[in-house]
Amino acid sequence: MKAIKTSAVLATLLAVLYSLTINAQQIDQTFSGIEEIDISTASSNCILKKGSGEQVNVILEHTYSEGFKPTVEQSGSTLEIRETHQNGSIGGDGTWTLTIPDGLEVDFNTGSGDFQATDLDLELELNAGSGDFSLSGMRGEIESNTGSGDLELENFEGEVSANAGSGDM
């Protein structure tokens with residue numbers, strides 16, 4: 001009887017671990033020769049980190065359903081990152097983490113994802129329906145537009161153009 005209960009508990013644990021493994025997915029790719037990054041998300045967040053070399057490393061971790069289709073493609077010196085939800089439902093969440101060198105041009109467009117960057121010298125264009133932007137220790141040029149999200153700048157050097165419908169700056 002004790003062996004049956006132990007087997008049942010183990011089977012339940014394995015089923016839970018299997019479902020977590022199926023739902024948690026990851027992409028990890030590295031690119032060279034990148035000068036511009038164009039990111040378009042429905043609701044995923046984006047984090048930019050400063051790298052030590054000239055390569056761009058892209059990591060996506062998400063728990064979206066089967067209808068989620070991420071695309072990461074290099075076209076010349078431009079890296080294009082897109083995500084689509086084929087069945088219309090966005091259940092789950094995702095985060096794109098990019099490790100990049102200074103001096104790039106980055107365009108981020110999202111419906112409701114947040115954007116975070118630290119200690120980089122970039123030309124940024126940020127657009128969101130309701131996402132928040134958090135920039136710390138940044139240098140360069142920033143153009144920011146958000147419908148209802150916030151823009152937080154800390155220790156910034158450069159030019160800023162910002163517009164928020166109902167968010168805080």
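**View 1. Strands S5 and S6 run antiparallel and are joined by eight bridges.** In this predicted model, strand S6 covers residues 78-85, and Val72 stands opposite Ile81 of that strand. Strand S5, which spans residues 68-75, is an edge strand, as is strand S14 (157-164), and each of the two pairs on one side only.

**View 2. Seven strands form an open sheet with mixed pairing.** Reading across the sheet, the strands follow the order S5-S6-S2-S8-S10-S12-S14. On average, neighbouring strands of this sheet are turned by 5° against each other, when direction is ignored. Strand S8, made of residues 105-110, is joined to S10 by six bridges, and these two strands run parallel. Within this pairing, Glu105 has Glu123 of S10 as its bridge partner. S10 also pairs with strand S12 (residues 139-146), again in the parallel sense, over eight bridges, and here the bridge partner of Leu122 is Gly140 in S12.

**View 3. The largest nonpolar core of the model has 33 residues.** The residues with the most contacts inside this core are Ile37, Leu48, Leu98, Ile100, Phe115 and Leu124. Strand S10, residues 121-128, supplies the largest share of the core, namely four residues. In soluble globular proteins, nonpolar side chains tend to be buried together. Which residues does Ile37 touch, not counting residues up to four places away in sequence? Ile37 touches Val56, Leu79, Ile81, Leu98, Ile100, Leu104, Glu105, Val106 and Asp107.

**View 4. Asp38 is found in strand S2 and makes a polar contact with Arg82 through the side chains of both residues.** The distance of this polar contact is 2.9 Å. Is Asp38 buried or exposed? Asp38 counts as buried, because its relative accessibility is 17% and the cut-off for buried is under 20%. When residues up to four places away in sequence are not counted, Asp38 touches Leu79, Glu80, Ile81, Arg82, Asp107 and Asn109.

**View 5. Thr41 is another residue of strand S2, which runs over residues 36-41.** Thr41 is buried, with a relative accessible area of 7%. The side chain of Thr41 makes a polar contact with the side chain of Thr110 at 2.7 Å, and the side chain of Thr41 also reaches the backbone oxygen of Ser44 at 3.2 Å. Leaving aside neighbours within four places in sequence, Thr41 is in contact with Glu83, Trp96, Phe108, Asn109, Thr110 and Gly111.

**View 6. His62 lies in strand S4, which covers residues 56-62.** With a relative accessible area of 6%, His62 is buried. The side chain of His62 reaches the backbone nitrogen of Tyr64 at 3.1 Å. How far apart in space are His62 and Asp93, C-alpha to C-alpha? They are 5.5 Å apart in space, although 31 residues apart in sequence.

**View 7. The confidence of the prediction is given by the pLDDT, which averages 85 over the chain.** Of the residues, 84% score at least 70. Over residues 8-23, however, the pLDDT is below 50, and this stretch has three contacts in the model beyond near neighbours in sequence.

Key
Residues are numbered from 1 along each chain as its sequence is written. This is a predicted model: local features need pLDDT of at least 70, side-chain atom pairs count only at pLDDT 80 or more; totals for chains, interfaces and linings use all residues. Side-chain values use heavy atoms; hydrogens and water are left out. pLDDT is the predictor's confidence in each residue, from 0 to 100. Contact means heavy atoms within 4.5 Å. Buried means under 20% relative accessible area, exposed over 50%, partly exposed in between (1.4 Å probe, protein chains only). A polar contact is a pair of N or O atoms within 3.5 Å; within protein, one must be able to donate a hydrogen and the other to accept it, and residues adjacent in sequence count only if both atoms are side-chain atoms. Two strands pair if DSSP finds at least two bridges between them. Axes are lines fitted to C-alpha atoms, for helices over the stretch in contact, and angles run from 0 to 180 degrees between N-to-C directions. A nonpolar core is a set of buried Ala, Val, Leu, Ile, Met, Phe, Trp, Tyr and Cys residues joined through side-chain atoms within 4.5 Å.
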